[in-house]
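Look at the structure, then read the points by topic.

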Amino acid sequence: MLVINNVSKKYGKTTALNEISLKLNKGACLGLVGPNGAGKSTLLKIIVHIVQAYEGKIIFTGTSNTDQKRTIGYVPQDICLEENVSAIQNLYFFGRIYQLRGKALQKQAKKVLRYIGLSERQKDKVKTFSGGMKRRLNIGCALMHEPQFIIMDEPTVGIDPQSRHYILDMIKQMKEENRTIIYSSHYIEEVNKICDEVAFIDQGKIIEHDTINSLIEKYAVPAIFFACQNSERLLADLHQLSDHVQPYKNGYKLTTANPMWTMEELLRACREKKLVLKQFELTYPTLEDIFFKLTGTELRA
Ligand SMILES: Nc1ncnc2c1ncn2[C@@H]1O[C@H](COP(=O)(O)OP(=O)(O)OP(=O)(O)O)[C@@H](O)[C@H]1O
């Protein structure tokens, strides 16, 4: 288990983290989601001991390994590879840091190469690799010592959709191996695909932390979007049906706790006023909408 207790960090006058507390169970896959500058990288660097001057406590419990660093694999946001040597040489370098030698080192490097799908390119220099291949190798380097905790800082930034897919599949496999994962991203749809729980971070504070299902249940009030010609003629009816009516695209969006009844009433009002519907949809907020609702901040800003 990983316990983050009241962690704060300042860089000069900038507060990067403000009393962060989080608990993560063994085998959990947490998406750490926040916009640029929210404090994600700082928190991850504190967890992996790169940033050592901070307030609060980080506690790892239940690991059999006495050396905490050996239980953690860290994938930094910036690719950290030696470009002028081969993929396998990069893996050997990271394996040696963790005292792997000889046959054991070779065997582990081959295993990791299969895992990251680069066996065919193992002898090629990294400088000949695409951005996505470099990202995969960057992840492979963090896996050489078979860590229980895997901490990834935006590992899919700036890569092609195929490599992105590959990386997401790798993370799913890590989950099946019961590794504990923290995955930082501002691509919320990725987090939705692979994580079980999500922590929203904004301006150095954790705004929410829960399972994705619980968050959706808690905040996802359904909305009806509709568009028709002269839709402003329905405005009075709309305000009777919902307290939250807003112009949206070429029509209006209204939130409602009772969507079926609201839809029926809306259709009835359209028929009465002889208005022809162009679009009519029942929508549920995405995690991105929930983040915006809680923080007033766009994730992709
Ligand atoms: N080494 C540093 N020196 C000074 N300020 C820093 C340093 N590292 C981060 N900060 C500041 O701390 C705050 C949090 O930055 P951090 O990199 O942790 O955010 P982030 O959520 O990872 O953002 P991004 O998605 O852009 O990587 C920002 O205001 C940033 O400018």
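Two elements, β2 (14–24) and α1 (40–47), each supply at least two residues of the shell around the ligand. The model is a predicted one.

**The ligand and its shell**

- The ligand is surrounded by 13 residues.
- Y11, A16, N36, S41 and T42 are the closest of these residues.
- Which element gives the largest share of the shell? It is α1, with 3 residues.
- Sorted by class, the shell has 9 polar residues, 3 nonpolar residues and 1 charged residue.

**The domains**

- The chain is divided into two parts: domain 1 covers 2–212, and domain 2 covers 221–284.
- How far apart do the C-alpha centres of domain 1 and domain 2 lie? The distance between these centres is 45 Å.

**Helices α5 and α6**

- Helix α5 consists of residues 131–143, and helix α6 of residues 161–176.
- The axes of α5 and α6 are 9 Å apart, and the two helices pack at an angle of about 20°.
- Angles under 35 degrees count as roughly parallel, and α5 and α6 are therefore roughly parallel to each other.
- The crossing in which α5 passes α6 is right-handed.
- On the α5 side, the contact is made by G132, R135, R136 and I139.
- On the α6 side, the contact is made by Q162, S163, Y166, I167 and M170.
- By class, the residues of this contact between α5 and α6 are 4 nonpolar, 3 polar and 2 charged.

**Helices α8 and α11**

- Helix α8 spans residues 212–219, and helix α11 spans residues 287–295.
- The axes of α8 and α11 come within 11 Å of each other and cross at roughly 60°.
- Is the crossing of α8 past α11 left-handed or right-handed? The crossing is left-handed.
- I212, L215 and Y219 are the residues of α8 that meet α11.
- Their partners in α11 are L287, I290 and K293.
- The contact of α8 with α11 has 5 nonpolar residues and 1 charged residue, with no polar residues.

Conventions: Residues are numbered from 1 along each chain as its sequence is written. This is a predicted model: local features need pLDDT of at least 70, side-chain atom pairs count only at pLDDT 80 or more; totals for chains, interfaces and linings use all residues. Axes are lines fitted to C-alpha atoms, for helices over the stretch in contact, and angles run from 0 to 180 degrees between N-to-C directions. Helices (H or I, at least four residues) and strands (E, at least two) are DSSP runs, numbered from the N terminus. A crossing is left-handed if the near helix is turned anticlockwise from the far one by less than a right angle, and right-handed if clockwise. Two residues are in contact if their C-beta atoms, placed from the backbone, lie within 7 Å. Ala, Val, Leu, Ile, Met, Phe, Trp, Tyr, Cys and Pro count as nonpolar, Asp, Glu, Lys and Arg as charged, and the others, Gly among them, as polar. Domain bounds come from an automatic or database domain assignment. A residue is near a molecule or strand if its C-beta atom, placed from the backbone, lies within 6 Å of it. Angles under 35 degrees count as roughly parallel, over 145 as roughly antiparallel, 65 to 115 as roughly perpendicular and the rest as oblique.
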